[in-house]
Amino acid sequence: MKEDLMDIICCPLDKHDLELEVIRRDEDDEILEGRLVCTECGEEYPIEDGIPNLLPPDMRDEAAA
């Protein structure tokens with residue numbers, strides 16, 4: 001995930017800003033692992049293999065099953 005994406009994404013539940021927490025970047029400074037945390041409701045959205053998962057929590061659980 002490119003960090004520039006933070007300019008256009010928001011929490012899908014309440015439309016507030018997301019805070020980025022980076023766990024791992026590649027050599028091109030792209031974010032490979034981390035999470036996005038809503039500044040209002042505190043919901044967390046994982047970033048895995050460079051892809052942010054912005055599905056609401058109930059849909060995320062269904063998608064994993």
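**Salt bridges and cysteines: a short tour**

Hi everyone, let me start with a cysteine: C41 is partly exposed, with a relative accessible area of 40%. For that label, buried means under 20% relative accessible area, exposed over 50%, and partly exposed in between, with a 1.4 Å probe and protein chains only.

A word on the ground rules. This is a predicted model, where local features need pLDDT of at least 70 and side-chain atom pairs count only at pLDDT 80 or more, while totals for chains, interfaces and linings use all residues. Residues are numbered from 1 along each chain as its sequence is written, and side-chain values use heavy atoms, with hydrogens and water left out.

Now, the cysteines. How many disulfides are there? Taking a disulfide as a pair of cysteine sulfur atoms within 2.5 Å, the count is zero. C41 is in no disulfide, and its nearest cysteine sulfur, that of C38, sits 3.6 Å away. C10 is in no disulfide either; there the nearest cysteine sulfur belongs to C11, at 7.1 Å. C10 counts as partly exposed, at 29% relative accessibility.

On to the charged pairs. The structure holds seven salt bridges, each being a side-chain nitrogen of Lys or Arg within 4 Å of a carboxyl oxygen of Asp or Glu. I'll also name helices (H or I, at least four residues) and strands (E, at least two), which are DSSP runs numbered from the N terminus.

Let's take E21 and R35, whose side chains meet in a salt bridge at 2.5 Å, N to O. E21 lies in strand β1 and R35 in strand β2, so this pair ties together parts that are 14 residues apart in sequence. E21 is partly exposed at 27% relative accessibility, and R35 is partly exposed at 30%.

Next, please find E30, which forms a salt bridge with K2, the closest N and O atoms being 3.6 Å apart. Why does this pair tie together parts that are 28 residues apart in sequence? Because E30 lies in the loop between β1 (18-25) and β2 (31-38), whereas K2 is in the segment before β1. E30 counts as partly exposed, at 24% relative accessibility.

My last pair is R60 and E43, with a salt bridge of 3.8 Å, N to O. R60 belongs to helix α1 (residues 57-64) and E43 to the loop between β2 and β3 (44-48), so they tie together parts that are 17 residues apart in sequence. Is R60 buried or exposed? R60 is buried, at 17% relative accessible area, while E43 is partly exposed at 23%.

Finally, have a look at E3, R25 and D29, which are linked in a network of salt bridges.
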